[in-house]
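Please look at the sequence and the structure shown here. The report that follows describes how parts of the fold pack together.

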Amino acid sequence: TNLPIFKLKESTVRRRYSDFEWLRNELERESKVVVPPLPGKALLRQLPFRGDDGIFDDSFIEERKQALEQFINKVAGHPLAQNERCLHMFLQDEVIDKNYTPSKIRHT
């Protein structure tokens, strides 16, 4: 990112769908941000005897990845969300401390 509020210009983290759900819930609870919806759960893809790889199907993984990327880009681009500590943890910390104390990030 080139947004000055983020301490790292580049970061790589691994996140599960449940981590995205956590972030969305935290933003809704702690901020006045209207948070976009997440892509739907893949419940039907988890049924047995489907005849494909279900949630491990390459095309499903790519679609889910793109949808989650769109979600996080919208959230990270929102001026109010950028100040939330949960977003900074989600984007830049290796491990999310889900017992954190919600707070605002101050631009330095």
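In this predicted model, the cover over the buried residues of helix H2 includes helix H1 (17–30) and helix H3 (85–92). Helix H2 itself spans residues 58–76, which is 19 residues. From its first C-alpha to its last, H2 reaches 27 Å, close to the 27 Å expected at 1.5 Å a residue.

Which residues of H2 are buried? They are Phe 60, Arg 64, Leu 68, Phe 71, Ile 72, Val 75 and Ala 76. These residues lie on the same side of H2, because they cover an arc of only 120 degrees around the axis. An α-helix has 3.6 residues a turn, so residues three or four places apart point the same way. The other side of H2 has exposed residues: Asp 58, Glu 63, Gln 70 and Lys 74.

| Side of H2 | Residues |
|---|---|
| Buried | Phe 60, Arg 64, Leu 68, Phe 71, Ile 72, Val 75, Ala 76 |
| Exposed | Asp 58, Glu 63, Gln 70, Lys 74 |

Next comes the packing of H2 with H3. Two packed helices are described by the angle between their axes and the distance between the axes. For H2 and H3, the axes come within 11 Å and cross at roughly 135 degrees. H2 is therefore oblique to H3. The crossing of these two helices is left-handed. On the H2 side, the contact is made by Ile 72, Val 75 and Ala 76, and on the H3 side by Leu 87, Phe 90 and Leu 91. Ile 72, Val 75 and Ala 76 are also among the buried residues of H2.

Helix H3 also contains Gln 92. Is Gln 92 buried or exposed? Its relative accessibility is 11%, so Gln 92 counts as buried, the cut-off for buried being under 20%. Neighbours within four places in sequence left aside, Gln 92 is in contact with Phe 6, Lys 7, Leu 8, Ser 11 and Val 13.

Last, the protein as a whole. Its secondary structure comes to 3 helices and 0 strands, and along the sequence the pattern reads α-α-α. The protein has 108 residues, of which 35% count as buried. How many of the contacts between residues at least 6 apart in sequence join residues at least 24 apart? The share of such contacts in the protein is 59%.

Note on methods:
Residues are numbered from 1 along each chain as its sequence is written. This is a predicted model: local features need pLDDT of at least 70, side-chain atom pairs count only at pLDDT 80 or more; totals for chains, interfaces and linings use all residues. Side-chain values use heavy atoms; hydrogens and water are left out. Helices (H or I, at least four residues) and strands (E, at least two) are DSSP runs, numbered from the N terminus. The expected span of a helix is 1.5 Å times one less than its number of residues. Buried means under 20% relative accessible area, exposed over 50%, partly exposed in between (1.4 Å probe, protein chains only). The arc is that of the directions from the helix axis to the C-beta atoms. Contact means heavy atoms within 4.5 Å. Axes are lines fitted to C-alpha atoms, for helices over the stretch in contact, and angles run from 0 to 180 degrees between N-to-C directions. Angles under 35 degrees count as roughly parallel, over 145 as roughly antiparallel, 65 to 115 as roughly perpendicular and the rest as oblique. A crossing is left-handed if the near helix is turned anticlockwise from the far one by less than a right angle, and right-handed if clockwise.
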